[in-house]
Amino acid sequence: EALVPGGLMGLAVFSTSEDGYGRGRIVEEGTSIREGRRRHFFTEQELIDLFPAFNCLRLEAITVVDKRGAHSSHIHHEWLMIAEKK
């Protein structure tokens, strides 16, 4: 076990609102391969279901701006999850 009871976990993952969702070669529900990279796009319920040993303290949709230079950026749509080990 990586965390003791009361330990905190934080993660940010792509949501199904992300631009690349549904693009590329679909290999399973929510997962595709595009440009040689496998990506999974999560639903809110999927995240809750994946971590039954945790109490979800915060789960929110966030927007992340990826700066790609002085005049270019890309927006990502992600889930931010903070959870406590039961």
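Me: Why is F41 called buried?
Reply: Buried means under 20% relative accessible area, with exposed over 50% and partly exposed in between (1.4 Å probe, protein chains only). F41 has a relative accessible area of 3%, so F41 counts as buried. By the way, this is a predicted model where local features need pLDDT of at least 70, side-chain atom pairs count only at pLDDT 80 or more, and totals for chains, interfaces and linings use all residues. Numbering runs from 1 along each chain as its sequence is written, and side-chain values use heavy atoms, leaving out hydrogens and water.

Me: What makes F51 and F54 an edge-to-face pair?
Reply: Rings of Phe, Tyr and Trp (its six-membered ring) pair if their centres lie within 6.5 Å; planes under 30 degrees apart are stacked, over 60 edge-to-face, the rest tilted. The centres of F51 and F54 are 5.9 Å apart and their planes make 90 degrees, so the pair is edge-to-face.

Me: And how do you know whether F51 and F54 are buried or partly exposed?
Reply: F51 comes out at 22%, so F51 is partly exposed, while F54 is buried at 16%.
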